[in-house]
Amino acid sequence: MISPGYFFDLLKQHQLTFFAGVPDSLLKDFCAYVTDTASPENHIIAANEGNAIALAAGYHLATEKAGVVYLQNSGLGNCVNPLTSLTDKEIYSIPLLLLIGWRAEPGKKDEPQHLKMGRITLPLLEVLEIPYSIVPNDETEVSQVIHKAVTHLNTAKTPYALVVRDGTFASYQLQQKQETSFPLVREDALKAVVSVLDDHDIIISTTGKTSRELFELRETTGKRHQQDFLTVGSMGHCSAIALAVAMQKSQKVYCFDGDGALIMHMGMLSTIGKLQPPNLYHIVFNNFAHDSVGGQPTAADSIDILAIASANGYKDVFRAETVGEIKDSLLKMKQGAGPMLLEIHCNKGARKNLGRPTQSTFENKKQFMEFVSNLK
Ligand SMILES: Cc1ncc(C[n+]2csc(CCOP(=O)(O)OP(=O)(O)O)c2C)c(N)n1
C-alpha cells in the first residue's frame, strides 16, 4: 500500500501542488490528506469533474504548471467534453494529471452502476488519446510511474492519467473534521420523510447512501420497492428524472437529493423552475458533505439552497432539522402546488452495517414502471 503522504510528497517534488476534483471512495484517504495538507487556494473540491478539468486548465494558464484532477472513474463521463475540447493537444494542449479511482476493475466485484465504466475505463482513456499508468501498490515503484507521467506532462503538454486500484492507498484519518450538530443523521431524516408520504407517491432517490437507506427502510418495514426509483449511478441527475416523471403523471413525485448531487448539476433547478411542475417536491438531505464517499465537504456551507431554489422559480421552500419540523413542512407542502423544495439539515454518518440493494436494477425498473403505469 502507498501512504497518502508519501504520494503527496512525490507529486510535490515534481511541482504538482494544485488539486481539484470530486471525491471518490477509493481515493478517500488521499483526498483527506490533500484536504489537510494543501493550502485552500491549491485545493478545490469541484461541483463536478468537468469543472475540475477546467479549474486545472485555468491554473495552468495562470502559472504554467500542471494541476492534479482527482475523480472516480464514473466522473470520467463528466470530463469528456473539456478533455476533448479544452485540454486536448488539438485545442489548447494543457497538461494535467488525472488521478482516477478505478471502481469495478474487471474481475473485481462491484455495484451494477460501476460495471460498464470499470470495464471501459482504460479503453476510454485510449479513445481519448490520454496515456495512462496503473498506480503500483508499492512505494518503491510508484516514483517511477510518477516520473513517467511528469515527463509526459512536461514534453507532450497534454493530460496523463494515473489509474488507482481499490486498496492502493493506506488509511488516513482526516484531521480537519467539519462536524455539525443537528438532531438527525440522513437516515433518521429519510425515515421521517417517508413516514408521511402515501403509498401512491413516487420517489426518485439520489446516488449513494440515500438510495441504500431507502431500500433498507422498505425491507425492514415489509414494504415493496415499487414506488421508489433508485438513481444508483448518474450522480446529480435524479431531479431531471423526477421532473420528467412528474410531467407525465399527476401523482406527487418526491425527489430525494443530496447536497453534493444537487450542486453537481444545479442547472436542473432552472429547468424545474421554468416548467413549474405542480406535483414535484424536491427534498434535499443536506449534510454539507459527500458522505457516501468519505465525508469530504461540499460547497453547501457557503450557499443558500432555499434562496437558490426560490430564485429559480420554486413556488415555496422550507427548511427543517427535527422530525417534527420535517413532518410539519411536508404536510404544508402536500397541500400546495409545487415545485417546492425542503432542505433538511442533517449530520454526516451512516450505519456501519448499511447494506446495498439486493434487488437488481432491472427488477427495480420493472416494478417501478408497472407501478407508474397503473397510475393516472
Ligand atoms: C459523476 C460521479 N462522480 C462521483 C461519484 C462518486 N459519488 C457517489 S455518491 C457521492 C457523494 C454524494 O454526495 P451527496 O449528494 O451530498 O450525498 P451524501 O452521500 O452526502 O448523502 C459521490 C461523490 C459518482 N457516483 N458519480
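Predicted model: local features only at pLDDT ≥ 70, side-chain atom pairs only at ≥ 80, totals over all residues.
**Entry 1**

I started with strand order. Six strands make an open sheet, and they run β2-β1-β3-β4-β6-β5. The pairing is parallel. I then looked for the edges. They are β2 (43-45) and β5 (132-134), and each of these pairs on one side only. Neighbouring strands here are turned by 20° against each other on average, with direction ignored.

β3 (residues 67-72) and β4 (residues 96-101) run parallel and are joined by six bridges. I looked up Q72 in particular. Its bridge partner in β4 is G101.

Which strands does helix α2 touch? Helix α2 (residues 28-37) packs on the sheet and touches β1 (19-21), β2, β3 and β4. The direction of α2 makes about 125° with that of β2.

**Entry 2: the sheet with β7 to β14**

I repeated the search further along the chain. Here six strands form an open sheet in the order β8-β7-β9-β10-β14-β13. The pairing is parallel. The edges are β8 (228-230) and β13 (316-320). Each has a single partner strand, so one side of each is left without a neighbour in the sheet.

G258 has F285 as its bridge partner in β10.

I then looked at helix α8 (residues 209-220). It lies across β7 (202-205), β8, β9 and β10. It runs at about 145° to β8.

**Entry 3: the ligand**

How many residues surround the ligand? I noted 22, and the closest are E49, R186, G260, A289 and S292. By class, the shell has seven nonpolar, eleven polar and four charged residues.

An N or O atom in the side chain of S74 is 3.1 Å from a nitrogen atom of the ligand. A polar side-chain atom of N287 is 3.1 Å from a ligand oxygen atom. A261 uses its backbone: an N or O atom there lies 2.8 Å from an oxygen atom of the ligand.

Then I checked cover. The ligand has 580 Å² of accessible area on its own, and the protein covers 95% of that.

Which elements give two or more residues to the shell? They are α10 (259-264) and β11 (289-290). α10 gives the most, with four residues.

How values were computed
Residues numbered from 1 in each chain as written. Heavy atoms only, no water. Near = heavy atom within 4 Å. Polar contact = N/O pair within 3.5 Å; in protein donor to acceptor, adjacent residues only side chain to side chain. Areas by Shrake-Rupley, 256 points an atom, 1.4 Å probe, with all protein chains shown as cover. Nonpolar A, V, L, I, M, F, W, Y, C, P; charged D, E, K, R; others polar. Pairing = 2+ DSSP bridges. Axes fitted to C-alpha atoms, helices over the stretch in contact; angles between N-to-C directions. Contact = heavy atoms within 4.5 Å.
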